[in-house]
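Have the coordinates open in your viewer and follow along.

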Amino acid sequence: MALAALHSRSVIFAKRHILYNVTVRQTRLYCLTNDTISEGQRKPPSKKQLRKSQKKPPCTDHLSWEERLADVITPLWRLSYDDQLELKQKHQEMILSQLSMYLTGDVQSQSSPVRSKPGFPVLPVLPSPVRDGYRNKSTFSVNRGVDGNPKTVGFYVGTGRKGNIVCVNGDHLLNMPEKHTLVARCYQGFMRLSPLEPCLLFHTGGHWREITVRTNAEGHTMAIVYFHPQELTREEVAVHKADLVEYFTLGPGSVCQLDSLLFQESTMTRCTHEESPYQLLHGQPHIYEEVLGFRFRISADAFFQVNQTAAEVLYSTVRNLCFPNPDDGGGGTKVGGTLLDVCCGTGAIGITMSPSVDRIIGIELIEQAVEDARHNAALNEVLNCEFIPGKAEVVLPSVMSQLSSEGGGLVVAVVNPARAGLHYRVVRALRNQPAIRRLVYVSCKLDGEAMRNFRELCCAPDPQKKLTGEAFSPTLAVPVDMFPHTLHCEVVLLFER
């Protein structure tokens, strides 16, 4: 069923369903009391009560499979974009109010944070310039489809725990580019022609696994096929790789016009290029993307923001908060000093800010991403960037010690960690470096481990935790809608001291 027809469904149901999902997320964070009951008359719900309430979602039996998948992947798809931004604004403000209450020690307000506001400005959510088909990276799973065919490529509805997983094609999803779903459909066609079975569970055998599709603004396309070799010999695997190449270059899959086709054999759910190298079967090993006038090389497993146009909004916001310029508001005037780019990925944040500073030091765990970052700096003739591979908690203390001994002047730090947040030793190193007066934290999940990081950055000095440096204070938050039609958005927080 086309989404145009689906939109005619009841908007009342849509809002009730969406508000239910948001409420479930919020109740995991806060023990909300009933607004109709005066304080003290009723205890907050227990964890057991919350778990029971979360097991009773609205009935979805009357929905089509396409609607159910859209509700999983893009739960805000029924709302207007203005309504989506309003919902996200309120949600981010509610989460940030927790940080304010923690810092002020307002225990009483923490029992009903819905009535509270953050103690620092939260600007309106910056919208995404592109709202539909914006994803430049998509990973499609393989499992049994609605018709029971195990060689179905798409996204999951249901859970493994309940044993009710159904794989549904994602052609109708609003955030999905047509090119991505075309590659997924062709991969499904290839698998159904292959004599090999799909690998649904590692212990049950099978070979063909998910496929990742990456594209850029110019339309170039990279496909990465994941494969479990099981007991096949190298020679046998080579035959099936050749079949894959023939299908996508000369067969029905040639309609995808792939610029890169890569292949990774792995006996693990996830592994890096170092653990199991990506094998280039066809085309070029990389694609390139342009952001704010700089060009970036993207490898198979390198991190890059999934929404290129919104990434430009995000990086401009980070630049303006790191190096505010009263003349043009864009950080265009060189201010000097050093920028520490922690969890730098392919170097996008540092490189886009390179004209504003004397020196940039980027730290990144994935070695291939560091290689890309170094290549990107050379590609853009940026000479003041240095990228260091390794765990930030291991590398950063020595970097800070070196900066301290050099007396390098102004140091601004920007951190853009994964959802797991920063390691506590990284927070400690940042906190205890007196030269850092300004820190910009980019988070895609405020209510996760990031909140622990915020508290450690802003709490009173604690010798037991070796947090001896002067505390930071949150002074501004800027949400950026990187993911239209979903509940998520990036938030850029400025901390100062």
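## The sheet from β10 to β16

Seven strands form an open sheet with mixed pairing, in the order β12-β11-β10-β13-β14-β16-β15. Two strands count as paired if DSSP finds at least two bridges between them. At the edges stand β12 (385–389) and β15 (473–480), each with a single partner strand, so one side of each has no neighbour in the sheet. From one strand to the next, the twist averages 15°. Angles run from 0 to 180 degrees between N-to-C directions, and axes are lines fitted to C-alpha atoms, for helices over the stretch in contact.

Within this sheet, β13 (residues 411–415) and β14 (residues 436–443) are parallel partners joined over 5 bridges. Val414 stands opposite Val440 in β14. Helix α5 (residues 81–104) packs on the sheet and touches β15 and β16 (490–496), with its direction at about 170° to that of β15. Contact, here and below, means heavy atoms within 4.5 Å.

## How the model was read

This is a predicted model, in which local features need pLDDT of at least 70 and side-chain atom pairs count only at pLDDT 80 or more, while totals for chains, interfaces and linings use all residues. Residues are numbered from 1 along each chain as its sequence is written, and side-chain values use heavy atoms, with hydrogens and water left out.

## Helix α14 and its partners

Let's turn to α14 (residues 449–458), whose axis comes within 10 Å of that of α13 (residues 424–431), crossing at roughly 30°. The two helices are therefore roughly parallel to each other; that label covers angles under 35 degrees, with over 145 roughly antiparallel, 65 to 115 roughly perpendicular and the rest oblique. Tyr424, Val427 and Arg431 of α13 meet Arg452, Asn453, Glu456, Leu457 and Cys458 of α14. By class, this contact has 4 nonpolar, 1 polar and 3 charged residues. Nonpolar covers Ala, Val, Leu, Ile, Met, Phe, Trp, Tyr, Cys and Pro; charged covers Asp, Glu, Lys and Arg; the others, Gly among them, are polar.

The axes of α5 and α14 come within 11 Å and also cross at roughly 30°, which makes α5 roughly parallel to α14. This crossing is right-handed as well. Ile95, Leu99, Tyr102 and Leu103 of α5 make the contact with Met451, Phe454, Arg455 and Cys458 of α14. Its classes are 7 nonpolar, no polar and 1 charged.

Buried means under 20% relative accessible area, exposed over 50%, and partly exposed in between (1.4 Å probe, protein chains only). Leaving aside neighbours within four places in sequence, Glu93 is in contact with Lys117, Pro118 and Val122.

## The sheet from β1 to β7

Another open sheet of 7 strands, again with mixed pairing, has the order β3-β2-β1-β4-β5-β6-β7. Its edge strands, β3 (166–168) and β7 (279–283), each pair on one side only. Neighbouring strands are turned by 35° against each other on average, direction ignored. β1 (residues 137–143) and β2 (residues 152–157) pair in the antiparallel sense over 3 bridges, and Asn143 has Thr152 in β2 as its bridge partner.

Helix α7 packs on this sheet, touching β1, β2, β4 (208–215) and β5 (221–227), with a direction about 155° from that of β4. Helix α8 (residues 234–249) also packs on the sheet; α8 touches β4, β5, β6 (260–265) and β7, and makes about 155° with β6. Ala184, in α7 (residues 178–193), is buried, with a relative accessible area of 5%. Not counting residues up to four places away in sequence, Ala184 touches Phe140 and Val153.

## The β8–β9 hairpin

Strands β8 (residues 287–291) and β9 run antiparallel, joined by 5 bridges. Tyr288 has Arg297 in β9 as its bridge partner. The hairpin has 2 residues between the strands, and Leu292 takes a positive phi near 55°. In β9 (residues 294–298), 4 of the 5 residues are buried, so this strand is largely enclosed by the rest of the structure.

Terms used:
A crossing is left-handed if the near helix is turned anticlockwise from the far one by less than a right angle, and right-handed if clockwise.
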